[in-house]
Amino acid sequence: VGMAACSSASSINGSAGPCHAASFGASPPVIPAVASSGLVTPSPAVVASPPLASPCGRSWNAQGPTSEKDPSQWRHEVLVHELASWESAAKVVMRTSGASERAEWDWYRLRQALAQAQADRERGTKQSHCGVRASSREVVGEQSTALACASAITEKLCFATEARHWTVMQGGARFSQVWIGLFAEVVDLVPGDPKVDSLLAGVKTTSLFNALAVAFHVAVLDSRDAPETLGERQECAAQLVETLREIAAKLRPSELDILAPWLRRPSFCALIAATPGSGSLHVPCLSVVLALLANPTLFTLAHRTDSHENILLAAANLLVVPCIARVKDSTGSDRESDSLQRLECRIATLEFFCRCLATSPRLDVVLQLRGAPTIDDEPVDTVLQRVVFLCHHELLCLKLHGVNGGPCGDTTLRRMSEMRLRCAELALMV
């Protein structure tokens with residue numbers, strides 16, 4: 001319709017011209033619960049003996065304070081389970097591909113770093129119960145341990161990215177998501193911050209966030225891989241999007257600058273420019289970019305990108321009316337109809353532009369945005385014009401079908417009516 005979409009010669013399907021990325025699906029696997037009953041019947045001798053008195057007045061047994069259990073223990077068990085899954089998947093890929101692991105991927109060093117980090121947390125918990133403040137040397141030790149974990153993860157992820165081992169990349173992204181989700185404090189300790197890098201004593205390293213960003217761009221835009229591995233690449237890219245969402249949720253808006261490498265290549269634009277469908281990544285990508293653009297620096301970076309790589313223009317294309325898909329009717333001819341996936345995309349897009357309006361220094365920077373004034377002597381709609389047309393479209397559909405599913409009470413129409421009402425509300429908000 002005139003508003004430029006992403007074009008890249010190295011799109012995910014390897015085709016030149018306009019970038020139509022394949023619809024990605026496959027949500028990440030759910031971490032199985034790691035539970036332990038811990039119910040052991042004590043012997044009479046143990047029951048008869050009184051508990052030891054701690055210096056801070058609490059009763060202690062051999063495993064720590066009797067009043068409560070360290071909550072970091074179960075989180076550590078979940079993390080170790082996730083590491084075992086990643087390691088087993090990596091070894092299977094290595095044996096299948098015939099490649100030799102670089103120093104056996106140094107899994108032992110990562111396990112040791114995780115064990116040391118857990119020991120530091122348990123020591124800190126005991127000290128806090130006793131009212132003892134951790135020394136500066138202990139604090140630096142905890143930070144160095146977290147940096148060692150991040151460095152080991154980064155090394156494995158970079159090696160998998162160079163070798164195009166999509167399953168291993170997905171496992172590394174999944175492990176990073178679980179690690180950051182369970183221990184949010186490690187977000188402030190990953191390499192990349194000059195203050196943090198000073199703790200590495202001159203050791204050269206790559207930021208974990210940058211390594212994840214490179215893996216994401218390779219999974220979406222690289223065209224050197226065989227078509228038969230497309231499914232693995234789709235799952236890998238979907239997992240990397242979920243990992244970025246976890247990271248962005250743990251950072252303040254002013255700290256999101258560290259995620260700028262995720263926006264320096266048109267990967268998000270390629271995913272958003274694809275045709276919405278079942279299992280596509282439009283909604284996850286828009287929600288992640290919505291969180292990133294809460295930072296003014298990242299908003300400026302995205303807004304000033306060339307039109308064929310601009311995320312805002314690619315998102316605006318989802319507001320085109322009618323946004324429809326062609327299906328076959330009973331006679332076999334083409335019939336136009338809307339879809340739930342497209343409605344979900346329109347809702348996510350309107351929420352995305354609401355965030356852009358909140359971050360932008362001027363409203364017209366967003367509302368008057370368009371790729372070019374005219375294309376083929378035809379005027380191009382601005383974002384505001386498309387929002388207005390979309391609002392009229394949704395209100396007209398609500399007038400025709402109502403909000404109760406029509407005369408037959410169709411559940412699909414009822415659900416679509418609720419989504420159309422949400423679209424109209426967001427459009428009026430804009």
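Student: How many helices and strands are there in the chain?
Tutor: The chain holds 16 helices and seven strands, and please keep in mind throughout that this is a predicted model.

Student: How much of the chain is buried?
Tutor: Of the 430 residues in the chain, 43% are buried.

Student: What about the largest nonpolar core, which residues touch the most other members?
Tutor: That core has 99 residues, and those touching the most other members are Leu110, Trp179, Leu259, Phe268, Leu292, Leu293 and Phe352. Helix H7 gives the most to this core, with 11 residues.

Student: And where does this core lie relative to domain 1 and domain 2?
Tutor: Domain 1 (71-250) and domain 2 (264-322 + 339-429) both give residues to the core, so it lies between them.

Student: Back to Trp179, what is tryptophan 179 in contact with, leaving aside its neighbours within four places in sequence?
Tutor: With those neighbours set aside, tryptophan 179 is in contact with Leu79, Ala146, Cys149, Ala150, Ile153, Val186 and Leu208.

Student: Switching to charges, how many salt bridges does a search of the whole structure find?
Tutor: Searching the whole structure gives 14 salt bridges. One of them joins the side chains of glutamate 87 and arginine 111, with 2.7 Å from N to O. Glutamate 87 belongs to helix H2 (residues 72-97) and arginine 111 to helix H3 (residues 107-130), so this pair ties together parts that are 24 residues apart in sequence.

Student: Is glutamate 87 buried or exposed?
Tutor: Glutamate 87 is buried, its relative accessible area being 13%, whereas arginine 111 counts as partly exposed at 36% relative accessibility. There is also a network of salt bridges here, which links Glu87, Lys91 and Arg111.

Student: Which residue does arginine 164 meet in a salt bridge?
Tutor: The side chain of arginine 164 meets that of aspartate 222, at 3.2 Å from N to O. Arginine 164 sits in the loop between helix H4 (136-163) and helix H5 (166-182), and aspartate 222 in the loop between helix H7 (208-221) and helix H8 (230-250), so the pair ties together parts that are 58 residues apart in sequence. Both arginine 164 and aspartate 222 are buried.

Student: And what does arginine 362 meet in a salt bridge?
Tutor: Arginine 362 and aspartate 364 meet through their side chains, with 3.1 Å from N to O. Arginine 362 counts as partly exposed at 49% relative accessibility, and aspartate 364 also counts as partly exposed, at 40%.

Student: OK, cysteines now: how many disulfides does the search find?
Tutor: The search of the whole structure finds zero disulfides.

Student: What is the closest cysteine sulfur to that of cysteine 423?
Tutor: The closest one is in cysteine 391, but its sulfur is 9.6 Å from that of cysteine 423, which is too far for a bond, given that a disulfide needs the two sulfur atoms within 2.5 Å. Cysteine 423 is buried, with a relative accessible area of 1%, and cysteine 397 is buried as well, with 12%.

Student: Last one, how many residues of H13 are buried?
Tutor: H13 is mostly covered, with 14 of its 20 residues buried. For the length of helix H13 (residues 340-359), its 20 residues should span 28 Å at 1.5 Å a residue, and the end C-alpha atoms are 29 Å apart, which agrees.

Methods. Residues are numbered from 1 along each chain as its sequence is written. This is a predicted model: local features need pLDDT of at least 70, side-chain atom pairs count only at pLDDT 80 or more; totals for chains, interfaces and linings use all residues. Side-chain values use heavy atoms; hydrogens and water are left out. A salt bridge is a side-chain nitrogen of Lys or Arg within 4 Å of a carboxyl oxygen of Asp or Glu. Helices (H or I, at least four residues) and strands (E, at least two) are DSSP runs, numbered from the N terminus. Buried means under 20% relative accessible area, exposed over 50%, partly exposed in between (1.4 Å probe, protein chains only). A nonpolar core is a set of buried Ala, Val, Leu, Ile, Met, Phe, Trp, Tyr and Cys residues joined through side-chain atoms within 4.5 Å. Domain bounds come from an automatic or database domain assignment. Contact means heavy atoms within 4.5 Å. The expected span of a helix is 1.5 Å times one less than its number of residues.
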